[in-house]
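Subject: A structure for you to look at

Hi there,

Here is the structure I promised to pass on. Have a look at it first, and then read on for my notes.

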Amino acid sequence: MADQNVYPPSPDFVKRACVQGMEGYRELYQQAESQPEQFWGALAERELSWSRQWSHVFEWNPPFVRWFVDGKINVSYNCLDRHLATHRKNKVAILWEGEPGDQRMISYQELHRLVCRFANVLKNRGLKTGDRAIIYMGMVPELPVAMLACARLGITFSVVFGGFSAEALKARIQDLEAQIVITCDGAWRRGKEVRLKQTVDEAVADCPTVREIIVHKRTGGDVPMQAGRDFWWSDLEAGTSESCPAEELDSEHPLYVLYTSGTTGKPKGIVHTTGGYLLGVHMTTKWVFDLRDEDTYWCTADIGWVTGHSYIVFGPLSNGATSVMYEGAPDYPQPDRFWRIIEKYRINIFYTSPTAIRAFIRQGDQWPNRHDMSSLRVLGSVGEPINPAAWEWYYKTIGRERCPIVDTWWQTETGAIMISPLPGAVPCKPGSASLPLPGILADVVDLQGNPVGTNREGFLIVRRPWPSMFRTLWKDPKRYEEQYWQRIEGVYMTGDAARRDEDGYFWVLGRVDDVMNVSGHRLSTMELESALVRHPAVAEAAVVGKPHEITGQAVAAFVTLKAGNWDHRDLAEDLRRWVAHEIGSFAKPEQIRFTDALPKTRSGKIMRRLLREIVTSNAVAGDVTTLEDLSVVTRLSAQHDDES
Ligand code: WT7
């Protein structure tokens, strides 16, 4: 610990920063802690435009909270209309680059026009406040347009990542009971077309609530259109009015639902609402990225995940920023695509994931070294703990030792960044997300809720509600209560383990539940296991995360088969395809091992801990075609595990 590197911000950076020095940070934190109502109330009033003032800043009936009670506000208005009366009217809102190299620079006025027209399209189709839309698109400007149009009318939307399969998409459409699906013909990925509309067609076959599908043409690929159900975006938009007033929505109106993996086979619909969510993403974008009006800001996430919602769309646009959006793969056509984009648009703030950083390290320094990236001012990381070696590389090779790195810890549930250095205030320690943001009462505790003390491992929790927190799980308030608020009485359980060092810095150690983190994406062991056992050859399956150099973790599956004469090599391939079909390609197991029996406790619980040891230490050797007999290890460990 003693020779841990510490990187304080440079005096120049501090002087111009939005929060200046540790005193600046401490003062904000202290205000938020001692007077939360005044703190958040003042920010909401100063930073956002409301059409009706709230009566209470928040109302906490554990575990349910409401923020800015009785207030009326519209997210789309705050991201667009209010900038039109300022110097930002012709500022670029979305700076987009397609994978093939095409470009669009959409100003705030132009974006407003596109959103109003598409909102009118939705209105003309009979959609109204309280209805639900599924958005299944690639990374094109029409994706944020669709989100902002829904937000304008109060249509609760759910963006489904374009890598999800028809089965996964179907489950989400059904759970949300969506009336409409908004999609593209296809998306470009590594020069190939991903056929999105085809996947939608497969998915909606079993979705009686869906009345219509709106298709934006991106790739120009051949897509069958079903008369009366499917419509081209451009046809519907032709001749629609550019004027569409933003609905005055309740501060607690559900803005969107985002599905994420939990510890069961069924994904959870995380519900985010309006006023508090917007304030959370607005303030954290300013604080954490030290955003200035003249910055060009780029978050490389896919909008299909929460990072894209909060830090490509709503946070940056609410602040009137120029938000860069890139359609394709980071290594297409060559491994320097990201560095090219940084150089070309003179990017100032760059936010990416540890898994991307590790892949860049492997490709070699010649790729970034070829480019002038002196415009960079702040670097960010999100998705999983960043290992100190990757941090140092990012700092030296990308930031040229000039840019603070904000390692941002947060979750789909938290809506906004919770723990992160403020770049002009909090010294960075590689590998630590550092200190909680103002208003976030984070701690590390034992199962009784008692703080574990300095440098001891425990559960990462949050004690008080914060504006951007999720409000419930879609149609499942009971699971919300049990999963997040009852494990340790009265506090929010994040599901992560952490330790706090002598300076109060948080070191997040990873998940404590059966959730894996592959390339910064959450995957549930149970969801994968249930997908595997739906395959006709599979009797039982157990899935664990295996350490992986690039993706952090990779999926390793242990499978027992039904009686039969199986060719294991073919079957392993078939099971991978099956998982791609049931969930999506990104969830494919890297390793599949066939075994006679799965190790279980005497009470019949699969001992994933043991399997984790096996895949980590490779204690049990053998390739995928080896039938393993794990019963010996099981017998040795069963007793111990039953007792723990
Ligand atoms: C889980 C949340 C938040 C957007 C991306 C993922 C892990 C995320 C960090 C970080 C250590 C991190 C946690 C968390 N995580 N960021 N900076 N340091 N761990 O969203 O899919 O909801 O996953 O990702 O384990 O619980 P998500």
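This is a predicted model: local features need pLDDT of at least 70, side-chain atom pairs count only at pLDDT 80 or more; totals for chains, interfaces and linings use all residues.

A question to begin with: is Asp 503 buried, partly exposed or exposed? At 47% relative accessibility, Asp 503 counts as partly exposed (buried is under 20% relative accessible area, exposed over 50%, partly exposed in between, with a 1.4 Å probe and protein chains only).

Residues are numbered from 1 along each chain as its sequence is written, and side-chain values use heavy atoms, without hydrogens and water.

**Salt bridges**

Side chains of opposite charge can pair when their charged atoms come close. The whole structure holds 48 salt bridges (a side-chain nitrogen of Lys or Arg within 4 Å of a carboxyl oxygen of Asp or Glu).

Asp 503 takes part in one of them, with Lys 429, at 2.6 Å from N to O. The two residues are 74 apart in the chain: Lys 429 sits in the loop between strand 21 and strand 22, and Asp 503 in the loop between strand 25 (492-500) and strand 26 (506-511). Helices (H or I, at least four residues) and strands (E, at least two) are DSSP runs, numbered from the N terminus. Lys 429 is buried, at 5%.

Glu 413 pairs with Arg 522, with the closest N and O atoms 2.8 Å apart. Glu 413 is in the loop between strand 21 (405-408) and strand 22 (442-445) and Arg 522 is in strand 28 (residues 521-524), so this pair ties together parts 109 residues apart in sequence. Glu 413 is buried at 2%, and Arg 522 is buried at 15%.

Arg 377 and Asp 290 form another salt bridge, with the closest N and O atoms 3.0 Å apart. Arg 377 is buried at 13%, as is Asp 290 at 2%.

There is also a network of salt bridges that links Lys 197, Asp 201, Arg 229 and Asp 230.

**Helix 5**

The 17 residues of helix 5 (residues 108-124) should span 24 Å at 1.5 Å a residue, and the end C-alpha atoms are 24 Å apart, which agrees (the expected span is 1.5 Å times one less than the number of residues). Among the buried residues of helix 5 are Tyr 108, His 112 and Phe 118. After helix 5 comes Gly 126, with a positive phi near 90 degrees.

Enjoy exploring!
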